[in-house]
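Please read the points alongside the sequence and the 3D view.

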Amino acid sequence: MDIQNYSNEKGRGLSILREISLNRTCENADILPHWCTCATEEHLSITEEVVIEVANKFTETLNEKLADFKQCEILKLKKVISATKIIPSDDILKYIKTSHVEDKHEIKFGDRVSTYIDYQLMLQTTPGDGMFEGTVRYDEFWKSINMMGDFSRINMYGKTSHCVDGIQLKKICYCKKQII
């Protein structure tokens, strides 16, 4: 059997010895819409109203984590560095069901359902010029904005957070009294 030229009857699967197209779709890979994790990414202007809104929510979330630590400054959004909108594909949002007849499957689509939109942000806060990265989710059904999971501090904070303990607090806190 010639592994490099192998092809199965259904046309599924790829040889690890062949290059995989960067433009491959779920349909090309014979993945049904409800299992497809492909999403549309759109880079946004950092001055768009929605970007500022979700960036403020991100900053608000950071401040909520500091609420019990009065020795830390309240952070303010200094600037948004980058913003990307990530939306599940329309096929996923319209998918109803799949029926199988012999070796073929039929996919039924309906109206688009309400979903969520994720915004991946990189922003800077003041005081201290902390730079953070994280994902904020807008839920179309509930009309709510929430931070998703954890966030990353992407620049060094050094001794600016000397007044708190714990890595989670240290990466956010800018102490009111700085040491030299």
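**Notes on the fold**

1. Of the 180 residues that make up the chain, 31% count as buried. The model under discussion is predicted. The chain exposes about 12600 Å², and carbon and sulfur atoms supply 51% of that area.

2. The chain contains 3 helices and 7 strands. Followed along the sequence, these elements give the pattern β-α-β-α-β-β-β-β-β-α.

3. An open sheet of 5 strands is present, with antiparallel pairing and the order β1-β2-β5-β6-β7. Its edges are formed by β1 (39-43) and β7 (144-153), each of which pairs on one side only. On average, neighbouring strands of this sheet are turned by 25° against each other, direction ignored. As a general point, strands of a sheet pair through backbone hydrogen bonds, either parallel or antiparallel.

4. Strand β6, residues 131-139, pairs with β7 in the antiparallel sense over 7 bridges. Aspartate 139 stands opposite serine 144, a residue of β7.

5. Which strands does helix α1 touch where it packs on the sheet? Helix α1, spanning residues 49-65, is in contact with β2 (76-88), β5 (116-126), β6 and β7. The direction of α1 makes about 65° with that of β5.

Note on methods: Residues are numbered from 1 along each chain as its sequence is written. This is a predicted model: local features need pLDDT of at least 70, side-chain atom pairs count only at pLDDT 80 or more; totals for chains, interfaces and linings use all residues. Side-chain values use heavy atoms; hydrogens and water are left out. Two strands pair if DSSP finds at least two bridges between them. Helices (H or I, at least four residues) and strands (E, at least two) are DSSP runs, numbered from the N terminus. Axes are lines fitted to C-alpha atoms, for helices over the stretch in contact, and angles run from 0 to 180 degrees between N-to-C directions. Contact means heavy atoms within 4.5 Å. Buried means under 20% relative accessible area, exposed over 50%, partly exposed in between (1.4 Å probe, protein chains only). Accessible areas come from the Shrake-Rupley method with a 1.4 Å probe; for residues, only the protein chains shown count as cover.
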